[in-house]
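I opened this model to trace a few links along the chain. My notes follow in the order I looked things up.

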Amino acid sequence: MSNIIKLSFTFALALSVLFGCSNDDTKSNAYSEKTNNQSNETNKKDSQNKEDKQNTSANQEDIKMNQEVKPLPTSTNEIFTYPNGSLAGTSVFGSKEAEEQLFKTMPKLPEDADEETIELYFNNVVAMYWSGFTNPSTLVDKWKLYSLGSPDMEDPRYQFKENYNVEIVLDASGSMAKKVDGKTQMDLAKDAIDNFVGALPDNAKVGLRVYGHKGTGSDADKQLSCNSSELIYQVSPYDSSTFKQALDSVQPKGWTPITLALETAQKDLAKYPADKSNNIVFLVSDGIETCDGDPVAAAKKLVDSNISPILNVIGFNVDADGQKQLKDVAKAANGIYTDISDQKQLTEEFKRVEEIAKRWEEWKANSMRKADALKVERSFEALGFTNEWYSKQIKLTNNIGGSITKLYNSDRISKEQREALEAKEDEFELFLEESGKEVEDYLNSMNDKSFETMKKEIDEKYQVK
């Protein structure tokens, strides 16, 4: 190993240690944020009492609690299969939508509610805000993607080729108008996409296809909307003004024809066969296929075609049904599924492919990365996985705590019931923290193994189906 490579590797390891230390700071800051949020919420009780009581339905007695809610996970394995809630990705703080749904869903508890009823009540609150924790098996897929170009990769899709093409297939259905942190999901996606394509190497090509962008979500417009999928930026080198003009023209409108979008994406890249091209397709969707198609079959057909792309499926605040279908789509294409709830996570997913594109550019100039450097990058990916886990944990427990406070302020629960629910919150938070640490330690022990061994062992340990 040359002195330059040794210095580079030493620097990379130093960075890894530095970021590992910062992980504790991340957790500490996150828990501090949680404490501050709950403290502020409690301090505002008097002023919020009036507002929350105004939001309380006059017919509280008519609200029925969901008796069929899925029991909360009690093992790490169950965390990965628990379905997204109706308010996944939403914060109870400052969100009228979340507050309204909370008051429409959670009834007033009887004064003599028993332990079983309080348990059910708590489960309903958690289930509303649950946003899926990423299965460690997915991280192995991302490690594999991040190692694109390594001479050790046997899958031809992961070996560098003459051309590097990225196509983004963007959901423009009406539900993309849903707001997250004050901005629509569509606007958040646009910002992340624009930043991503602008950072790709000059020699890379990019395409942008939208679907569900015509008509409305009404039954009368279903046929029009379900037949709408358009390549609004041809697969070509990036031109900032032309791309931005195309991206700005997209507005959330209609239904969700995922099947049509995947079928047409295959045609977009047809002149770039896999033997000479690295083709990467991002499918961004916030819900299930609503146009009677079969997106799983379309995904299988896509990966079996002459372009054989790596398919990255991104579920943007999807519900339980959407989450299941999009996971099946990714699995059918031997691709990657990622659950995201905000712009930061979407940007991080694009960032991975941006970094791979830079390596491809280096490869074109006859500069390949060494195996040791890839190992360090895996460590960074594991760190990112851990930080994402704790970020989701803090957001979830903030929502639980905030909701308990709002339910108390609106006279839906008594002081004693509030204390019982908060005790359950503390217990559940500890469970999530311990599970996160378990997964973190396990992933760190996997780094030296081959992808095939890692995948097999993780699938067996966490019972991935």
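I began with the disulfide: Cys226 is joined to Cys291, with an S to S distance of 2.0 Å. I kept in mind that this is a predicted model.

Which parts of the chain does the pair link? I found Cys226 in helix 8 (residues 222-226) and Cys291 in the loop between strand 6 and helix 11. They are 65 residues apart, so I noted a link between distant parts of the chain, counting helices and strands as DSSP runs. I checked the angle about the S-S bond: -80°, a left-handed link. Are the two cysteines buried or exposed? Both Cys226 and Cys291 are buried.

I read off residues 277-285 and found nine of its nine residues buried.

Next I sorted the directions. In a regular strand, side chains alternate between the two faces of the sheet. I saw Ser277, Asn279, Val281, Leu283 and Ser285 point one way from strand 6. Asn278, Ile280, Phe282 and Val284 point the other way.

Then I looked for the neighbors of strand 6. Strand 1 (residues 163-171) runs parallel to strand 6, and eight bridges join them.

Last, I followed the path from strand 6 onward. Strand 6, helix 11 (residues 295-303) and strand 7 form a β-α-β unit, and I noted its hand as right-handed.

Technical notes. Residues are numbered from 1 along each chain as its sequence is written. This is a predicted model: local features need pLDDT of at least 70, side-chain atom pairs count only at pLDDT 80 or more; totals for chains, interfaces and linings use all residues. Side-chain values use heavy atoms; hydrogens and water are left out. Buried means under 20% relative accessible area, exposed over 50%, partly exposed in between (1.4 Å probe, protein chains only). Helices (H or I, at least four residues) and strands (E, at least two) are DSSP runs, numbered from the N terminus. Two strands pair if DSSP finds at least two bridges between them. A crossover is right-handed if, with the strands pointing away from the viewer, the path from the first strand over the helix to the second runs clockwise. A disulfide is a pair of cysteine sulfur atoms within 2.5 Å.
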